[in-house]
Amino acid sequence: MIDIEPLRYAWTSAGEDTLALGALQVSAGQTVFLHGPSGCGKSTLLGLLAGVILPQSGRVSLLGQDWAALRPGQRDAFRADHVGVVFQQFNLLPYLSVLDNVVLPCRFSALRRERCQAEGGPQVAAQNWLQRMAMPAELWTRRADALSVGQQQRVAAARALMGQPELILADEPTSALDAALRQDFMNLLLQATRDAGSTLVCVSHDAAQATRFDVQWALPDLQQMEAHT
Amino acid sequence: MSSLAGIARLSAWNRRSTLVWVVISLALATALLWTLERLRHDVRVSFAQSVSGVDLIVGARSSPVQLMLFSVFHIGSAPQVLSMDSVRAVAQHRSVSWVVPLSLGDSHRGYPVLGTTPAYFQHFAYGDKQPLVVQSGAVFSGTLDGLYEAVIGAEVAHQLGYGLGQQITLGHGLHEHDHDHEDHADKPFQVVGILAPTGTPVDRTVHVSLQALEALHLDWAGGAPMPGGHIPADQARKFDLEPVEVTAALVGLKTRAAVFNVQRFVNQYEDEALMGVMPGVALGELWGVLGLGENALLAVSALVALVSLFSLMAVVLAGLNERRRELAVLRAVGAGPRHVLGLLALEGTWVICTGVLLGVLLAQVGMALGAPWLQNSLGIRLQIAAPLPTQWALAVTIVLAGMLASLGPAWRAYRMSLADGLSPRA
């Protein structure tokens, strides 16, 4: 599913803030818990996985496809087809309804639109995923900015799962939530990801959640691995 | 499912409190340009149509433009006079059909007084050879009995509320007078005719006979009343009132082909330094002078439009940072940079089209409401008619320029979303 060959990535040309990783693999359907102190490069790793940035050396492949082998436009299209993203917060377009926000990925990906046909079309699929994320139906037609932060995160998760992309990337999806809500959200996200058959890579500070994932990556340890090779 | 256009529309609507000011500024700039273009056109047309059917204007040798200004527009100071002998000599030229002498120099409450003959109303035409029409009453008789008769233009009648039979007195010179102390108050005139509106300087003119002007000035010398030499109105009829000098003469020819012949005859007339001016040519020259001001006006409004386009660009650019989140979200759900580019360009186009459309509407309504005021206070007649091709061209130019201007922010957003990747570092 995800195949990382030893890579180096530096934000600046001077070579500071370097991320250096050894070989890593994630198989389809696995859930990965990615943790580490602030500024250690977790978001950078997500960017590499999503093909938004490319490593200076080494290789990141998704579904056997090397990101670097694609032209920028192709990367955008490939990402739209196969990757769903959940940010820390501000995931939604405030001026669209909840339902319209969830349907958005189908606007940009024919593949995901197609997959929704099996469920009866994007609208029905969106309703299904909102239900799986425990969003009450009376909220679906509300403007997105009328929801609480916790509700917005669940809508974002539903949207990421639309059309069952192979990879879900979640960048600290619970850090804006109260402790009481984190557990609920993680439960829903993990269950929904399994339902979709997608792979999940979730960045989080919340160590309490770690054991519920198939794989735990501590980024500083991954960096060390590179140092040994 | 929301299309890109739908997202752009909702996004713009979401920021309407900012965008509305851009739309307003665009609308005002458009309205300004739109109105100015109409005004320019109408002024030019009414200007070009202020005299027609006159082949030559004859006056003492001076500047053609000055003669034109004076004899047709009744503006400016009196050029030198020419003798009636010369006028009669011109009238006797075999190609000349008619001659109408004109005498100017007095006024009534700011409106110029034109001394002429009854033939003036027969021969003078405006627009496309439209003759003057007497709306009520008749033209002055030109006889001694009707010596103190006046025919007034439509605007004079309307502005001053004059009807037939109204008594008026004239003032010396072309300046606005203290109405209670008209210089020629001793010889009042009676309004016997009111002309139909023409949209030309005729509307603003009081017409009297040449003999009446002579009568007014019998007891004047050197531009002031002769002390102790007052001649009452009735007494004046006993004097010889045939004018010796006039300020200009309108000439009509039997065939237009003879115009250069007659002009040469006039210009080479030996007894007096004369000048024959073709109205069309002089109008062209005059317009060339006025055109400078016209072009300056146009340049200023073009600048206004440019400034409002820049303000559009500035507002959109300033808003981009706030929209970084929004663009990142769009990128996260699969929108490529080209979608971002399209979104911004679409929004810019809408804002511009709305602004321009609103501006056109504003201008049309404004002109419809303001036309009577403009006619009354400035004497500019606005046509309430279908927009001119040049007006449409202006509107389209603004739209195109605006679309071009909106590409700037769109390009920046495109670069920004490329650099930001999935998570905006803002």
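## Chat about a two-chain model

Student: OK, and how confident is the predictor about the complex?
Tutor: For the complex, the predictor gives an ipTM of 0.86 and a pTM of 0.71. For chain B, the mean pLDDT is 84, and 92% of its residues reach 70 or more. Where pLDDT is low, the predicted coordinates should not be read in detail.

Student: Back to chain A, what radius of gyration does it have, and what would a compact globule have?
Tutor: Chain A has a radius of gyration of 17 Å, and this agrees with the value near 17 Å that a compact globule of 229 residues would have. Along its principal axes, the C-alpha trace of chain A spans about 55 × 40 × 30 Å.

Student: How much of chain A counts as buried?
Tutor: Of the 229 residues of chain A, 46% count as buried. If you take the contacts in chain A between residues at least 6 apart in sequence, 75% of them join residues at least 24 apart.

Student: Which residues touch the most other members of the largest nonpolar core?
Tutor: That core has 80 residues, and the ones touching the most other members are A:V102, A:W129, A:A157, A:A158, A:L161 and A:L169. The element that gives the most to this core is α3(A), with seven residues. As background, nonpolar side chains tend to be buried together in soluble globular proteins.

Student: What does A:A157 touch, leaving out residues up to four places away in sequence?
Tutor: With those left out, A:A157 touches A:V86, A:M133, A:L189 and A:A192. There is also a second, separate core of 63 residues, which includes B:L114, B:V156, B:L210 and B:A248.

Student: Switching to the contact, how many residues does each chain put in?
Tutor: Chain A puts 29 residues into the contact, while chain B puts in 17 residues. On the side of chain A that touches chain B, α1 (42-49), α2 (72-82) and α3 (98-108) each supply at least two residues, and α3(A) gives the most, with seven residues.

Student: And what classes of residue are on that side of chain A?
Tutor: By class, the side of chain A that touches chain B has 18 nonpolar, five polar and six charged residues.

Student: How is chain B divided?
Tutor: Chain B is divided into domain 1, made of 4-47 + 291-420, and domain 2, which covers 56-277. Taken over C-alpha atoms, the centres of domain 1 of chain B and domain 2 of chain B are separated by 51 Å.

Student: I clicked on B:E270, so where is it, and is it buried or exposed?
Tutor: B:E270 is in the loop between α9 (259-267) and β17 (274-277) of chain B. The C-alpha atoms of B:E270 and B:A31, which are 239 residues apart along the chain, are separated by 56 Å.

Notes. Residues numbered from 1 in each chain as written. Chains lettered and ligands numbered in written order. Contact = placed C-beta atoms within 7 Å. Helix = DSSP H or I, 4+ residues; strand = E, 2+ residues; numbered from the N terminus. Nonpolar A, V, L, I, M, F, W, Y, C, P; charged D, E, K, R; others polar. Domains from an automatic or database assignment. pLDDT = per-residue confidence, 0-100. Rg over C-alpha atoms; globule rule 2.2 N^0.38 Å. Buried ≥ 20, exposed ≤ 12 C-beta atoms within 10 Å, placed from the backbone. Core = buried A, V, L, I, M, F, W, Y, C linked by C-beta atoms within 7 Å.
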